[in-house]
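Me: I have a model open here and would like to go through it with you piece by piece. Could you take my questions as they come?

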Amino acid sequence: MDNTKLKSRLATKAQTLQEVPAEREPASLVPAQSGYAALNSSTLDLIRENLKEQPLTYQMFDVVKSPSGGSTVFTVPGLSGDEAEKELTGIILDYTTPRAYWDTSDPVEGTPPTCLSHNSLVSEDGKACAHCPFNDYGSKDGETGAKACKESVLLFLLRPGNVLPLLVRVPVTSKGLFLKYAARLTSSLTPLNGVVTRITLQKATSRGGKPYALFHFEAVNALSSEEAASAKTFARQLMEAVKASEVMPKLETAG
């Protein structure tokens, strides 16, 4: 074979090999850029100073409820009034799984419940929720299959630029979705408060034809090891301060 043609073919092949794209690394969470001033070690001191040693009660946190009518927009309290947001992003410091029962099907907004549990396992008066007749499907009205005792998940969502977390109320229709998200993080040995979570809403329709919103949870960033440790410490200290206020029964009200 002519040496000139051979050199030409080898050069062309070498150029082709150089143009082959490198194999991509497996997708992974990108480390979050620090924007969480609350993770500073002096944050709780600042909170105590501003509150003049008053107890850190649930009533001091802003609450985001599940939107009605299948809306996929959150209503978030702000300094200038309520603000509409398509998504909520932050660190889920902790969560509780409360449930509450009212002895009327249409309680007046703000009415304390007849019975309350903070963990969906045992009521405040020491009764097992699993054995309660109001925990049975269909106990609400006998038609929809809903329970008379209202379940939910309450997330303590710390957002960038904020010191106090936002309380996000996840309805029972999305409780399983959140617990599955938490289980997936657990499967990968990732703490819930070790990632930045994005929460969005997806429109759905019940078997009765009524629209409602389903919560969707997605881990979008991983905290650095230092931030993850700080988030864990801050979450523990914050929850201890809240529980020490001993006003948890006031959290669950109709509305």
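Me: Let's start with Leu189: is it buried or exposed?
Reply: Leu189 counts as exposed, because its relative accessibility is 78%; buried means under 20% relative accessible area, exposed over 50%, and partly exposed in between, with a 1.4 Å probe and protein chains only. The model is a predicted one, in which local features need pLDDT of at least 70 and side-chain atom pairs count only at pLDDT 80 or more, while totals for chains, interfaces and linings use all residues. Residues are numbered from 1 along each chain as its sequence is written, and side-chain values use heavy atoms, with hydrogens and water left out.

Me: Where does Leu189 lie, and what is its phi?
Reply: Leu189 lies in the loop between helix 3 (175-187) and strand 10 (195-205), where helices (H or I, at least four residues) and strands (E, at least two) are DSSP runs numbered from the N terminus. The phi of Leu189 is positive, at about 55°, although Leu189 is not a glycine.

Me: What about Ser120, where is that and what is its phi?
Reply: Ser120 has a phi near 65°, a positive value in a residue other than glycine, and its place is in the loop between strand 7 and strand 8. Ser120 counts as buried because its relative accessibility is 11%.

Me: Which other residue is in that loop, and what does its side chain reach?
Reply: Asn135 is found in the loop between strand 7 (115-117) and strand 8, and its side chain reaches the backbone oxygen of Cys129 at 3.5 Å. A polar contact is a pair of N or O atoms within 3.5 Å; within protein, one must be able to donate a hydrogen and the other to accept it, and residues adjacent in sequence count only if both atoms are side-chain atoms.

Me: Is Asn135 buried or exposed, and what does it touch?
Reply: With a relative accessibility of 15%, Asn135 counts as buried. Not counting residues up to four places away in sequence, Asn135 touches Arg99, Cys129, Ala130, Lys147 and Glu151, contact meaning heavy atoms within 4.5 Å.

Me: Now strand 8: why is it described as largely enclosed?
Reply: Eight of the nine residues of strand 8 (residues 150-158) are buried, so strand 8 is largely enclosed by the rest of the structure.

Me: Which strands does strand 8 pair with?
Reply: Strand 8 runs antiparallel to strand 5 (residues 87-96), joined by five bridges, and to strand 6 (residues 99-101), joined by two bridges. Six bridges join strand 8 to strand 9 (residues 166-171), also antiparallel. Two strands pair if DSSP finds at least two bridges between them. As for individual positions, Ile91 stands opposite Leu158 in strand 8, Ala100 has Lys150 as its bridge partner there, and Val153 stands opposite Val170 in strand 9.

Me: And strand 10, how many bridges join it to strand 5 and to strand 11?
Reply: Four bridges join strand 5 to strand 10, and eleven join strand 10 to strand 11 (residues 211-222), with antiparallel running in that pair. Arg198 in strand 10 is the bridge partner of Thr89, and Arg198 stands opposite Glu218 in strand 11. Strands 10 and 11 form a hairpin with five residues between them, and Gly209 in the turn has a positive phi of about 90°.

Me: Changing topic, what does Gly70 contact?
Reply: Leaving aside neighbours within four places in sequence, Gly70 is in contact with Lys203, Pro211, Tyr212 and Ala213. The C-alpha atoms of Gly70 and Tyr212 are separated by 3.6 Å, although the two residues are 142 apart along the chain. Gly70 is found in the loop between strand 2 (63-64) and strand 3 (74-78), and is buried, with a relative accessible area of 4%.

Me: Last one: which residues form the aromatic cluster?
Reply: Phe74, Tyr95, Phe178, Tyr181, Phe215 and Phe217 form one aromatic cluster, and a search of the whole structure finds nine aromatic pairs. Rings of Phe, Tyr and Trp (its six-membered ring) pair if their centres lie within 6.5 Å, and planes under 30 degrees apart count as stacked, over 60 as edge-to-face and the rest as tilted.
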